[in-house]
Amino acid sequence: MGVDTTTFMLLYSLYSWPNVVVCFFGGFFIDRFIGVRWGAILFGALLLIGHYIFAVGAFVNEFWVMEAGRFIFGLGGENLQVAVNAYAVNWFKGSQLNLVMGLGLSVSRAGSVFNMNIMEPIYKQLREHYSGHVCLGLTLFIGGITLIFSQYCTFQLAWLDKRAKRILKPKTDLATGEKISFKDIKDFPISLYLLCLICVGFYTAIFPFISLGLVFFESKYELGSGQAQILNSLIYTISAVASPIFGFLIDRTGRNLIWTNAAILLTILGHALTAFTFVNPYVPVVSHFFRSGIMVPSNY
């Protein structure tokens with residue numbers, strides 16, 4: 001579509017920047033008004049709508065439409081994760097939680113790997129019959145099928161949760177039933193805000209790198225697009241394998257802060273090797289094996 005790197009990264013920013021504050025209000029909205037079931041359904045719908053607006057923008061070659069779709073997609077993306085985490089916390093307690101979060105991350109990373117490796121072949125196949133922005137738009141329409149399935153799952157999960165609550169209510173209450181207000185912010189412990197800062201710093205170093213990783217590996221290491229794509233997606237592949245393993249280990253050993261610090265140090269090591277040396281690129285990527293699987297489970 002003839003966009004430069006800065007304009008391309010704007011699509012990433014339109015997803016990320018609103019979530020700096022939107023996730024808080026989304027979580028408050030779920031807790032205070034609509035509950036986790038309708039929250040998952042609502043934010044899943046925003047994901048679906050945002051993606052197809054994005055696809056329409058590509059199809060008609062209107063970048064501003066793509067930007068609008070990306071923004072709507074961002075309103076749903078992280079808020080849906082808030083709802084999913086709420087489901088997990090309601091259903092799993094104590095030492096089970098780290099393993100469950102690790103499994104959840106594993107599945108999401110597997111989806112990322114699938115996307116990163118399947119969309120390009122679909123695009124190349126369509127390019128035999130279509131060209132330019134039309135080909136890109138059709139590729140995105142096909143990719144949105146997974147979001148349709150995801151939206152179906154939000155309805156199924158709501159039904160299962162409602163059914164389970166009705167059956168198990170005499171034994172356990174799956175929902176807290178708490179009502180919160182903005183005044184509760186002053187009662188949050190300082191450790192929560194420190195954890196938020198850790199997440200901001202950690203993921204600021206991760207996601208932009210992955211977004212531009214394909215171009216980076218091609219330019220610095222002179223790799224072909226296929227090999228660079230494999231290398232870039234390997235971070236998510238490794239994370240998919242590592243997350244449940246480290247979730248299990250963290251459940252068994254505890255010491256979440258030590259594990260969190262280990263993830264941060266390994267991330268620094270991986271980026272330092274990538275930025276300041278010409279060591280085989282698989283070496284720093286392997287360091288992400290540990291950090292990818294450690295950070296999320298250790299935060300719980």
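Me: Which residue has its backbone oxygen 2.3 Å from a polar atom of the side chain of Lys 220?

Reply: The model is predicted, so local features need pLDDT of at least 70, side-chain atom pairs count only at pLDDT 80 or more, and totals for chains, interfaces and linings use all residues. Numbering runs from 1 along each chain as its sequence is written, and side-chain values rest on heavy atoms, leaving out hydrogens and water. A polar atom of the Lys 220 side chain lies 2.3 Å from the backbone oxygen of Thr 274.

Me: Which helix holds Lys 220, and which residues does Lys 220 touch?

Reply: Helices are DSSP runs of H or I, at least four residues long, numbered from the N terminus, and Lys 220 belongs to residues 190-221, helix α7. Contact means heavy atoms within 4.5 Å. Not counting residues up to four places away in sequence, Lys 220 touches Thr 274, Ala 275, Phe 276, Thr 277 and Phe 278.

Me: How far from Lys 220 is the nearest side chain of opposite charge?

Reply: Lys and Arg count as positive, Asp and Glu as negative, while His and the chain ends are not counted. Lys 220 is buried, a term for under 20% relative accessible area, with exposed meaning over 50% and partly exposed in between (1.4 Å probe, protein chains only).

Me: Which residue forms a salt bridge with Lys 124?

Reply: A search of the whole structure finds two salt bridges, and this one has an N to O distance of 3.3 Å. Both residues lie in helix α4 (residues 96-126), four residues apart, about one turn of the helix. Lys 124 counts as partly exposed because its relative accessibility is 40%, and its partner is Glu 120.

Me: At which residue does α2 bend?

Reply: Helix α2 (residues 19-59) spans only 27 Å between its end C-alpha atoms, whereas a straight helix of 41 residues would span 60 Å, the expected span being 1.5 Å times one less than the number of residues. A bend is the angle between axes fitted to the seven residues ending at a residue and the seven starting there. In α2 the bend is about 120 degrees, at Ile 34.

Terms used
Helices (H or I, at least four residues) and strands (E, at least two) are DSSP runs, numbered from the N terminus. A salt bridge is a side-chain nitrogen of Lys or Arg within 4 Å of a carboxyl oxygen of Asp or Glu. A polar contact is a pair of N or O atoms within 3.5 Å; within protein, one must be able to donate a hydrogen and the other to accept it, and residues adjacent in sequence count only if both atoms are side-chain atoms.
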